[in-house]
Protein chains: 2
Amino acid sequence: MTILDGKKISNDIKDEIAEEVKKMKAKGEKVPHLAAVIVGNDGASLTYVGSKVRACERVGFESTLIQLSNTTSEIELLDTIEELNNNDDIDGFIVQLPLPEQIDEQNVLLAVDPNKDVDGFHPMNFGRMALDMSTFIPATPFGILELLDRYQVETSGKHTVVIGRSHIVGRPMSILMGRKGFPGNSTVTLTHSRTKNIEEITKQADIIITALGKPEFLKADMVKNGVVVIDVGITRVPDATKQRGYRITGDVDFENVSKKASFITPVPGGVGPMTIAMLLKNTLLARERHSKK
Amino acid sequence: MTILDGKKISNDIKDEIAEEVKKMKAKGEKVPHLAAVIVGNDGASLTYVGSKVRACERVGFESTLIQLSNTTSEIELLDTIEELNNNDDIDGFIVQLPLPEQIDEQNVLLAVDPNKDVDGFHPMNFGRMALDMSTFIPATPFGILELLDRYQVETSGKHTVVIGRSHIVGRPMSILMGRKGFPGNSTVTLTHSRTKNIEEITKQADIIITALGKPEFLKADMVKNGVVVIDVGITRVPDATKQRGYRITGDVDFENVSKKASFITPVPGGVGPMTIAMLLKNTLLARERHSKK
């Protein structure tokens, strides 16, 4: 059994990106510049955005953090997005979700210039992905592809079962795993809350990608020997033995499933750390595409 | 066993649309206007475009046929598209495929204003579909949904197996059948040329949608009793007993599979006739959306 070590791979990727940025600087080229917009003071959101800004610093990107008050109107936020769209110095930007309730999330995502949409959430980029055109793949799915790629996990002709149909993980993953190329060419089954007898389906899977948010949902008797398991679930479970009072748990009963698996991601330290690395990669791609125009 | 009668349903839909157009006229409103662009003299393409124009006439739409020579350059075609995009009288338009080899199909599809893309081939519309936003669903998948809807075929919690991952049928169908709502909420497996042991998967299917183009590929021993079968394949098979020298055959061994099926589409007369009806429906939708602006 091999652990798919997202912590190590994400560090490798960041080192590779830092190396690219060094070369750009040596050639006197503009380095990538990522902006992040956050509305309000939600603690978790501030933590996420903070890590993204720190990651930019680590690889040598420029970064800009725009913090707007919790009472920002939709029009004010759309104005900010318009400025970022028109600012040639910004290669890509993200709007941290969730947004306060007075703001329509869909209007905001649609306002982002698809050429700067490094989160890959714009329908134009989602459609380009589904139609095999160059695009920005959303960071979490992109990170999963990268893990499969770096560990050379065979996907062609395999049966991949995706659990959960969210717009940011399950649905894009189900599309990506069935596209031509590597990683891809899988027979893909997308399961969700309406799926009946899910264990009959997971038992047939060569590869399981679970993004459900139900702690330890996937048990050893639901998988076959040699299965590849990608666990995107991250849930806080109360745990009195821990100083902070909780532990982070994935969708997979890791202790038991890992005994049957050929490859498996741990939680934490699997898919999670890949997400920020792939956001940086998308920003680097954005810089490269803009410089070619 | 019930035949999903696409010929009848498509006529019903055309009658309903004609009724809508009558109401529009009675209110003095502009009626929907569809334009079709064809480049070159390919016989099959001319036939398709001709049927689309005749269908417009039947329901009372205005229609415009723009026929360009086989030597048209990409820039000339893009100019024509730009004119159609800017012409307020045109509600929707299609560019008949395939295009001559001097023209890049992707550049052409990307040039169409997504608000007039009644074929639903633009990545913006494909992405909106995958992200559950209002859009134009490509005509063939839209026709399949309509058939399932009109015959009230249960899809929720069912296992739908899609055969073939083309951009215009297989991939969109796999997404649509897994979305929330009806028809949808299926557990969906997308199979394709790299799928191994496909009969093991089709045998589990409650619903099979095949868009492969292999005559009589799906045999009775590959399906379970009660299966719902949607056959999108249309292939000409040489047949000396026919005056024209060929017959039209679907992907399904209809004679034998129909004995096990609960619902099944014939070929011809199943999915085929639905396509033009749904193109008209998209054009009506386009008119309604434009009039609300």
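Start with chain A: of the contacts between residues at least 6 apart in sequence, 69% join residues at least 24 apart. A contact here means that the two C-beta atoms, placed from the backbone, lie within 7 Å.

A word on what you're looking at: this is a predicted model, where local features need pLDDT of at least 70, side-chain atom pairs count only at pLDDT 80 or more, and totals for chains, interfaces and linings use all residues. Residues are numbered from 1 along each chain as its sequence is written, while chains are lettered from A and ligands numbered from 1 in the order in which they are written.

Stay on chain A and colour by secondary structure. You'll find 10 helices and 11 strands, taken as DSSP runs (helices H or I, at least four residues; strands E, at least two) and numbered from the N terminus. Buried residues account for 49% of the chain's 293; buried means 20 or more other C-beta atoms within 10 Å of the residue's own, with C-beta atoms placed from the backbone.

Next, show both chains. Here 27 residues of chain A are in contact with 26 of chain B. Select α5 (123-130), α7 (170-178) and β6 (187-191) of chain A, each of which supplies at least two residues to that side. The biggest giver is α5(A), with seven residues.

Now zoom in on β6(A). Its antiparallel partner is strand β6 (residues 187-191) of chain B, over three bridges; strands count as paired if DSSP finds at least two bridges between them.

Strand β2 (residues 33-39) of chain B is joined to β4(B) by four bridges, and B:Ala36 has B:Ile94 as its bridge partner in β4(B).

Last stop: select helices α1 (residues 6-26) and α2 (residues 43-59) of chain B. Their axes come within 8 Å and cross at roughly 55 degrees. The axes are lines fitted to C-alpha atoms over the stretch in contact, with angles running from 0 to 180 degrees between N-to-C directions. Show side chains for B:Lys14, B:Ile17, B:Ala18 and B:Val21 of α1(B), then B:Ala55, B:Arg58 and B:Val59 of α2(B), which make the contact.

Definitions and conventions. A residue is buried if 20 or more other C-beta atoms lie within 10 Å of its own, exposed if 12 or fewer, and partly exposed in between; C-beta atoms are placed from the backbone.
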